[in-house]
Amino acid sequence: MEQSYIDNFKKGLAKYAPAEAVDPLFDFMAEHKVHLHITRERYSKLGDYRWPRQGHPFHEISVNGNLNPYHFLLVLLHEMAHLDTWLQYKNSIQPHGHEWQANYARLINQYIGIFPGDVAVLLRHYTSRIPLSRTIEKQIDAQLRHYNPDYTPADNLTLNDLTPGTRFHIASRPEHHFQALEKRRTRWICLNLADGKKYLVSGTAVVVTE
């Protein structure tokens, strides 16, 4: 691998992840031959992992590029845990079962010193036992928003805080108006009030009620 490629990869990654995380993250990507994609904001998910398959011989990870560095790192660790779990079990287990949870907790603990103290406290609590706690996960998501460049306390409302039937728009996309219909595991079924179509929207999306 040419040094110029390594330098450019690390320089690009440093725009999104904390500086202290860049070297170990690059080592992971290089070891597993991961194609990392930084995407625009997606309503339905923050990240994604795809295992090698016909026509796509590499591991692929995507992460939304609009996240603050600490949130970006946590989402990336989430997807890296999927990769590790796939290497161990392929498709024989549930995507977020105990095996994945154990790998995710292990990776978080490897990088925990990079997170701010208030987030690290929650992460230590979160990874202290399996199964992982959804309640603490929501607390972590809320605390990570404090590190958004434009954070104010009024921005702390997420889709998960709403009740079915509430009308809202996503804070970063005020032109799109929705009605919350039904909560799934990590996402909500929402009705787009303009076109009448239903969409899956991440429960952690920051919203403004109408």
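Reader: Which element gives the largest share of the lining of the largest pocket?
Author: That's α3, with eight residues in the lining. Keep in mind that this is a predicted model.

Reader: OK, and how much space lies in that largest pocket?
Author: About 1,100 Å³. Besides α3 (69-89), the elements that give two or more residues to the lining are β2 (47-50), α4 (98-111), α6 (134-144) and β7 (198-202).

Reader: Which residues lie nearest the centre of the largest pocket?
Author: His78, Glu79, His82, His96 and Arg185. The whole lining has 40 residues.

Reader: How do those lining residues divide into nonpolar, polar and charged?
Author: In the largest pocket there are 14 nonpolar, 15 polar and eleven charged residues.

Reader: What about the second largest pocket, how much space is there?
Author: About 550 Å³. The second largest pocket has 24 lining residues, and Glu41, Asn66, Asn148, Ser172 and Val206 are the ones that lie nearest its centre. By class, the lining of the second largest pocket has ten nonpolar, eight polar and six charged residues.

Reader: Back to α3. At what angle do α3 and α4 pack?
Author: The angle is about 135°, and the axes are 8 Å apart.

Reader: What about α2 and α3, how far apart are their axes?
Author: 12 Å apart, and the two helices pack at an angle of about 30°. Angles under 35 degrees count as roughly parallel, so that is the label for α2 and α3. The crossing of α2 and α3 is left-handed.

Reader: Which residues make the contact there?
Author: From α2 there are Leu25, Phe28, Met29 and His32, and from α3 there are Leu73, Leu76, Met80, Leu83, Asp84 and Leu87. That contact divides into eight nonpolar residues, one polar and one charged.

Reader: New topic: how do α5 and α6 cross?
Author: The axes of α5 (residues 117-126) and α6 come within 10 Å and cross at roughly 165°. Helices α5 and α6 are therefore roughly antiparallel to each other. Their crossing is left-handed. Among the contact residues are Val119, Leu122 and Tyr126 of α5, along with Ile136, Ile140 and Leu144 of α6. By class, the contact of α5 with α6 has seven nonpolar, three polar and two charged residues.

Reader: What about the loop between α5 and α6, which proline has its place there?
Author: That's Pro131. The peptide bond from Ile130 to Pro131 is cis, with omega near 10°. Most peptide bonds are trans.

Reader: And where does Lys33 lie?
Author: Lys33 is in the loop between α2 (22-32) and β1 (34-39).

Reader: What's the phi of Lys33?
Author: Near 55°, which is a positive value in a residue other than glycine. Most residues other than glycine have a negative phi.

How values were computed:
Residues are numbered from 1 along each chain as its sequence is written. This is a predicted model: local features need pLDDT of at least 70, side-chain atom pairs count only at pLDDT 80 or more; totals for chains, interfaces and linings use all residues. Side-chain values use heavy atoms; hydrogens and water are left out. On a 1 Å grid over the protein atoms alone, a cavity is a set of points where a 1.4 Å probe fits but cannot get out, and a pocket is an open set with protein on both sides within 12 Å along at least five of seven lines; lining residues have an atom within 4 Å of a point. Grid points are joined across faces, edges and corners, and a volume is the space filled by probe spheres set on the points. Helices (H or I, at least four residues) and strands (E, at least two) are DSSP runs, numbered from the N terminus. Ala, Val, Leu, Ile, Met, Phe, Trp, Tyr, Cys and Pro count as nonpolar, Asp, Glu, Lys and Arg as charged, and the others, Gly among them, as polar. Axes are lines fitted to C-alpha atoms, for helices over the stretch in contact, and angles run from 0 to 180 degrees between N-to-C directions. Angles under 35 degrees count as roughly parallel, over 145 as roughly antiparallel, 65 to 115 as roughly perpendicular and the rest as oblique. A crossing is left-handed if the near helix is turned anticlockwise from the far one by less than a right angle, and right-handed if clockwise. Contact means heavy atoms within 4.5 Å.
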